Each structure stands twice: as C-alpha cells, then as structure tokens.
Amino acid sequence: MLTVERKNKVVSVHEFADVILNETTNQYTLYANKSYEINDILTFFTAGEIFTEPNSQTIQTGSHKHITLVPRFLQYIRHSCEPNVFFNTSKMKLICVKPISAGEELSFFYPSSEWKMSQSLICNCGSPNCLDIIQGAAFLDNDSLNKYDFTDYIKQHIISRNNKVLNQ
Ligand SMILES: [Zn+2]
C-alpha cells in the first residue's frame, strides 16, 4: 500500500503562532503555539496595502476597500466552515471564536469578511457542516448568516440588501 508521508516544515515562529509549510501540498498554514479561549485576542493587525478589488491575500474592510494584513504571515490563515478565529476589521484584532489548543491550525470563515470573493473556493475543510462552495457572504443562506460572525462592513451590507428586498 502506498502511503503519502505528510511533511510539515516550520518556516517561522511568532509570538502566538508558527508558519508551517506542508511540503506535500506546498501550502503554507498557521498553527497556534498557545491555547486560547473564546473572545481571546491572538494578535492585533494593521493594513498593509489597500486595493479596490479583492485578491487571494486581501481582507475586505469596505466597499472597494481590500487590505493586505500586517503581520504578513496572517495571510496564511486558511478558510474553514468551522473556524476558530475571526478578523475583527473594526477593532483590527484577530479573535478566538472556538477554543484553540496549542498545535492546532488556525482557520477563519472567508465570507465573514468577504462580500463577493475574487474566486470561489471548493471547500474540503472536513466539517460535517461544510458549505462545499465558498463565494462570499452575498451567497449565504439565512442559516449561515445567523451562525457565523461577520465584520461590521458585511453586517451593514446584509442589512441594506434585506431592506432593498423589503422595499421592492
Ligand atoms: Zn468547508
């Protein structure tokens, strides 16, 4: 039987997390190196570059406003339909939303900050509640809108869309 060995290489070590390169898939990921409880702050962040259109490294903070993250390694936090962190873009804090053990991969829910993503993602997060195709908050049903945390910008977008529907 052929077994594929997973090779994980530590690329850099930071105060709250380590950047790990999976040499099998060539993907970078971020792993917590401490444990956290819900509402703990893992780190503060700031905006690097600001773009008018989204790309794979940006987080949306407004209409036509998409920032890269500083520290830059935060871009390696991948999507999960059962996320353990949330980017609060009003307070510029990375917050724990599900208890995290040291050595656990950090993940966030992409639509929590993205209204319409630049590219849709076929999700393989393994959660029993996996949404399968991730395209942004604009495409979520009400169950998902009630279940997840969203940035203030996305919340406003959801409210104004609902008002438009009601006024039609
Ligand atoms: Zn998923």
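Pro-71 sits in the loop that runs between strand E7 (65–70) and E8, where strands are DSSP runs of E with at least two residues, numbered from the N terminus. The model is a predicted one, so to speak: local features need pLDDT of at least 70, side-chain atom pairs count only at pLDDT 80 or more, and totals for chains, interfaces and linings use all residues. Residues are numbered from 1 along each chain as its sequence is written, and side-chain values use heavy atoms, with hydrogens and water left out.

Most residues other than glycine have a negative phi, and most peptide bonds are trans. The bond joining Val-70 and Pro-71 is cis, with omega at about 5°. Asn-26, in the loop between strand E2 (17–22) and E3, is not a glycine, yet its phi is positive at about 65°. Asn-26 is also exposed, at a relative accessible area of 59% (exposed is over 50%, buried under 20%, partly exposed in between, with a 1.4 Å probe and protein chains only). Met-92 shows a positive phi too, about 55°, and is placed in the loop between E9 and E10.

Those two strands also belong to an open sheet of 3 strands, ordered E4-E10-E9 with antiparallel pairing (two strands pair if DSSP finds at least two bridges between them). Strand E4 (41–44) and strand E9 (85–88) are the edges, each with a single partner strand, so one side of each has no neighbour in the sheet. From one strand to the next, the twist averages 20° (axes are lines fitted to C-alpha atoms, and angles run from 0 to 180 degrees between N-to-C directions). E9 is joined to strand E10 (residues 93–96) by 4 bridges, and Val-85 has Cys-96 as its bridge partner in E10.

Of its 37 lining residues, Ile-77, Arg-78, His-79, Tyr-110 and Leu-121 are the closest to its centre. Strands E3 (27–32), E8 (78–79), E11 (107–108) and E12 (121–122) each supply at least two residues of this lining. The second largest pocket holds about 170 Å³ of space, and its lining includes Val-85, Phe-86 and Lys-147.

Technical notes:
1 Å grid on protein atoms, 1.4 Å probe; cavity = no way out; pocket = protein on both sides within 12 Å on 5 of 7 lines; lining within 4 Å. Points joined across faces, edges and corners; volume = space filled by probe spheres on them.
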